[in-house]
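Me: I am new to this structure and would like to understand the words used to describe it. Could you take me through them step by step?

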Amino acid sequence: AVLMRSARDMGVPVWFQGAGLVNAWAAVSLVFESAAAPDGWAWVERLKAVQDGEDRVFREAELAKSEFQARQGEENSEESSEEPESRAAAGNAAAVEVQRRFNAARDAELPRLLEALKDPVWLVRRRAAAVLMNMRAPSAAAALAVAALHDAEPRVRQMAFLALAEI
């Protein structure tokens, strides 16, 4: 995270540069500054919180899928063969349940992610935009548009535009 935060923007699309060009001196300086400040490493905790929020949402969707499959397995253990139509209906029901639980988990995380889009550290804002892109949250469109148009960091603006494209 230190190398990413201290990296210089290469002026190319975000997918080609990652965080940017490594600047070893800037990384060392950041470590010294962070160590000297009372809350110097708080940005790392905020970055981790954004990633943990994404993980919680996708884990909830996986859990919903596993639970549905377990229920279907119990119901189908009594039947030796199942018609293709009923398998398709079960698959559709599973998809609906997974999407419902994903949306609920995403909506619970959304306020924290929208707050992270305003973080003073560009790397936290960029990660928040990437998470919102992965979650395809329509209610985040306005905040992503503000970040895409007005963020001071080009890498955050690019990620916000990509997130808007995915919504």
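**Reading the terms**

Reply: Starting at the N terminus, the elements of the chain follow the order α-α-α-α-α-α-α-α, where helices (H or I, at least four residues) and strands (E, at least two) are DSSP runs numbered from the N terminus. The model is a predicted one, in which local features need pLDDT of at least 70 and side-chain atom pairs count only at pLDDT 80 or more, while totals for chains, interfaces and linings use all residues. Residues are numbered from 1 along each chain as its sequence is written, and side-chain values use heavy atoms, with hydrogens and water left out.

Me: Why is α6 called roughly parallel to α8?

Reply: Their axes come within 8 Å and cross at roughly 10°, the axes being lines fitted to C-alpha atoms, for helices over the stretch in contact, with angles running from 0 to 180 degrees between N-to-C directions. Angles under 35 degrees count as roughly parallel, over 145 as roughly antiparallel, 65 to 115 as roughly perpendicular and the rest as oblique, and therefore α6 is roughly parallel to α8. The contact (heavy atoms within 4.5 Å) includes W122 and M133 of α6 and V156 and L162 of α8.

Me: How do you know that V44 is partly exposed?

Reply: Buried means under 20% relative accessible area and exposed over 50%, with partly exposed in between (1.4 Å probe, protein chains only). V44 has 30% relative accessibility and therefore counts as partly exposed. V44 lies in helix α4, and its C-alpha is 8.5 Å from that of V2, although V44 and V2 are 42 residues apart in sequence.

Me: What makes a set of residues a nonpolar core, and which residues have the most contacts inside the largest one?

Reply: Such a core is a set of buried Ala, Val, Leu, Ile, Met, Phe, Trp, Tyr and Cys residues joined through side-chain atoms within 4.5 Å. The largest has 39 residues, and W43, V50, L117, L132 and L144 have the most contacts inside it. Its largest share, ten residues, comes from α6.
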